[in-house]
Structure formats: C-alpha cells, structure tokens
Amino acid sequence: MSTKPIGIFDSGVGGTSICKEINILLPNEHTIYLADSKNAPYGGKSQKTILDLSIKNTELLLKKGCKIIVVACNTATTNAITYLRNNYTIPFIGIEPAIKPAALQSRSKTVGVLATKGTLSSGLFHTTAKNHASGITIIEQQGTGLVSLIEKGKMNTPETKALLKTYLRPMLDAKIDYLVLGCTHYPYLKPILRELLPPEVKIIDSGEAVAKQTKTILKQQHLVNNTSQPGNREFYTNSDVAILKSFSTIEGEKAIVSYLDF
C-alpha cells in the first residue's frame, strides 16, 4: 500500500493549490489529481449533486489504486466527506476554511471569509466558526463568479478585479485584519488581493495545513512511501487540458496532464 498514490480531487483546477503543497512537503509520494472542471463550480449545486460527484471522483481514484484521498474542495468536504469516510475504508483528508488560525491571531477581532455559497451555508462551516471564533466578528462573502473566471485562466483581468473590489468592500469597512480564503481556487487570486488589500490585512488559506495533515495521517496509517525517488505526478481533467497544465506543475517537476472523460 505504501507505494500507491495519493488521490486528490476538486471541482476543477483550484485544488492544484493543495496538490502543490502536498508535492512540496511529500516529494517522494506519487499523486493523482482529478479536475472535475466540467461540473465546476460545486458551490451552487445541491447537496445530493455534490455528494454524487464526490462519489464519482472517489470511485475513479480508487480504480487508480489510491491509498488516501484528499478532498481538495471546501464545498465537497462540507457536503460529502462524512459520507465518504463512513462508506470507504481508506482515509480521507478534508478542507475547511482556516478560521481557527485567523481568529487566534486577529487583533481587530474581525475576520473576513471569502468562500462559495456551498461552504458558507454548510453546517461544518458554522460549527467551525462557533467552536474556534468565539468573540470574533466574521464577515462572510460569497465569491460568486470567481471560480468560473479562474477555471478560464482569467485571474488578472478587469472583470476579476471588479468583482473582488465589490466583495472586499464590506470586509474593509468592517476593519478586518485577516482574510480567510475558503475555496481552493482562491489562492490563485493572491497577487490581485495583495494589490487591493491594505498591507496590514493578512491572507490565509488551508494549503499548507492540509499537506501537513496528509503527512500525519500517512504516518499514522503506516502508508508513507519511503523510496528515495521523486514521485510521479498525474493530472486529469474532463475539460481543457491546456488550462489544467498551466496550473498543475511546480518548478523543476515533470507532470503528465491528460484529458479523461469522467
């Protein structure tokens, strides 16, 4: 089992931000990434649809021999991970907005969360906020339209900047000092966000924490690949290969990026 790959899936290219962190922390592990761009975004879909898509992605990764699966999508985590953990024997790693570290470090006691409707309306999000953000004001903002723009590779465009300015205004008016990115697509907007935000507002996402949790679970389950060879990187999309390729690799690595009908 230890030499089998880590499976990662998301509703498109956004989860590559998580995949990159895993590949950096665990360079000897093989990884297989599924970009379900055909069905992106998940954020506005019903819970049943999100669950069905998550099961489909899980089954495909299991067919490819994955030993652990990272649900690199906030919406899929909040709507499907309990079912996946209860119905499959391999470990699952989920994603949730990094509210806890933001709340612990905030001096203004006001934190902004930019996320999809599916994440902000979920029970897991509100439980996390209740458990870890006592005494903190959370300014929630749906990032409607952002995932679709990122899926088209349109990060640094006037349309994206205009949307972000609109979404950030209530947060800035409330004097946030932390902005939590509650969607794995959104780290690709960091360069623009840093332009639009005052320097004292810090941006935080879940990528590094998820990679560390993946490493921890692999150790606990005795699934660490102890080879000294670099891991293989496989990426699959059911949409535009060129778009996924532009998001998939980190410097100095080779990856196989392919179309797959799923």
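Predicted model: local features only at pLDDT ≥ 70, side-chain atom pairs only at ≥ 80, totals over all residues.
Local features require pLDDT of at least 70 and side-chain atom pairs pLDDT 80 or more, whereas totals for chains, interfaces and linings use all residues. Residues are numbered from 1 along each chain as its sequence is written, and side-chain values use heavy atoms, with hydrogens and water left out.

**View 1. Salt bridge between Lys 67 and Glu 29.** The structure holds 8 salt bridges, each defined as a side-chain nitrogen of Lys or Arg within 4 Å of a carboxyl oxygen of Asp or Glu. In this pair the closest N and O atoms are 2.7 Å apart. Lys 67 is in the loop between α2 (47–63) and β3 (68–71) and Glu 29 in the loop between α1 (16–25) and β2 (31–35), so the contact ties together parts 38 residues apart in sequence. Helices (H or I, at least four residues) and strands (E, at least two) are DSSP runs numbered from the N terminus. Lys 67 is buried at 0% relative accessibility, and Glu 29 is buried at 2%. Buried denotes under 20% relative accessible area, exposed over 50%, and partly exposed in between (1.4 Å probe, protein chains only).

**View 2. Salt bridge between Lys 161 and Glu 195.** The closest N and O atoms of this pair are 3.6 Å apart. Lys 161 belongs to helix α8 (residues 158–173) and Glu 195 to helix α9 (residues 190–196); the pair links distant parts of the chain, 34 residues apart. Lys 161 is partly exposed, at 25%, whereas Glu 195 is exposed, at 56%.

**View 3. Salt bridge between Arg 169 and Asp 173.** Here the closest N and O atoms lie 3.5 Å apart. Both residues belong to helix α8, and their spacing of 4 residues separates them by about one helical turn. Arg 169 is partly exposed, with 46% relative accessibility.
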